[in-house]
Structure formats: C-alpha cells, structure tokens
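Here is a friendly walk through one protein model. Take a moment to look at the sequence and turn the structure around before reading on.

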Amino acid sequence: MYDLLMLPQCKGNNHWVLLVASVMSRTVTIYDSLGGNNKALFDLFCKFMCQRAQIVKDGLEKISSEFKAPPCNKQRHGNSCGVFALMTAKCLVMKKHPTML
C-alpha cells in the first residue's frame, strides 16, 4: 500500500532528523544534517516495531538489523535542521537523491 514510512524525529529538544523505513527492503535509514550518531534512535524504532507487531500483523516488524546513515547535505546554520529533514523527505517522495537539495 505504501513504500516508505517517514518519521521526522526530534533529538534532545533541538535537533530534527528524518527516519525513513522502507517497507519493501525492510531497512531503516536516518538522515541527519549534522551527521550525528543515531544508533539509539534506530534501536528504539526497531523495538517499537516489534511491540507494534504484537497488535498489528503486517510483517513490518521484520526490520533489518543493518543501520544505515547515508551521506546527506549538511546544515550550515544552527537552526535549519527541520528544513533539511523536510527537504530530504521531499526529495525521497520525488524519487531524487537527498543530496539534490
């Protein structure tokens, strides 16, 4: 029914990243315009999906244990992370590489 689950996530109280789960490949990718360590966010998402599977039986809990954090555009200002997360989502919806911002 859908290809991607896109979840903007606020880390701490001041930085936005984009978590993207591919339904077909069962992978999770986190785009971070500061390039931070997002393994804990990945682990939390996988835990959530496993708990969700106890209620909803659609196979989405079978997420690959491989964590992906591909290169993406880096922000130059301290307050533009939300814009980067949204523009990355737009690129992915338009089937363009996220560095096309």
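In α1, the buried residues are Leu 41, Phe 42, Phe 45, Cys 46 and Met 49. They cover an arc of only 135° around the axis, which puts them on the same side of α1. Here the arc is that of the directions from the helix axis to the C-beta atoms. Buried means under 20% relative accessible area, exposed over 50%, and partly exposed in between (1.4 Å probe, protein chains only). Helices (H or I, at least four residues) and strands (E, at least two) are DSSP runs, numbered from the N terminus.

Before we go further, a word on the source: this is a predicted model, in which local features need pLDDT of at least 70, side-chain atom pairs count only at pLDDT 80 or more, and totals for chains, interfaces and linings use all residues. Residues are numbered from 1 along each chain as its sequence is written, and side-chain values use heavy atoms, with hydrogens and water left out.

What lies over the buried residues of α1? The cover includes β1 (4–11), β2 (15–22), β3 (27–31) and β4 (67–68). On the face turned away from the buried side, α1 carries the exposed residues Ala 40, Leu 44 and Lys 47.

Now turn to α2 (81–93). Its buried residues are Cys 81, Phe 84, Ala 85, Thr 88, Ala 89, Cys 91 and Leu 92. Seen down the axis of α2, these fall within an arc of 160°, so they line one face of the helix. They pack against β1, β2 and β3. The exposed residues Val 83, Leu 86 and Val 93 sit on the face of α2 turned away from its buried side. After α2 comes Lys 95, whose phi is positive, near 60°.

## A charged pair

Which residue forms a salt bridge with Asp 43? The partner is Lys 39, with the closest N and O atoms 2.7 Å apart. A salt bridge is a side-chain nitrogen of Lys or Arg within 4 Å of a carboxyl oxygen of Asp or Glu, and by this rule the count comes to one. Side chains of opposite charge can pair when their charged atoms come close. Asp 43 and Lys 39 are four residues apart in helix α1 (residues 39–52), so about one helical turn separates them. Asp 43 counts as partly exposed at 36% relative accessibility, and Lys 39 counts as partly exposed at 36% too.

## A loop residue

Ser 64 has its place in the loop between α1 and β4. With a relative accessible area of 24%, Ser 64 is partly exposed. Leaving aside neighbours within four places in sequence, Ser 64 is in contact (heavy atoms within 4.5 Å) with Arg 26, Thr 27 and Phe 42. The C-alpha atoms of Ser 64 and Cys 91, 27 residues apart along the chain, are separated by 23 Å.
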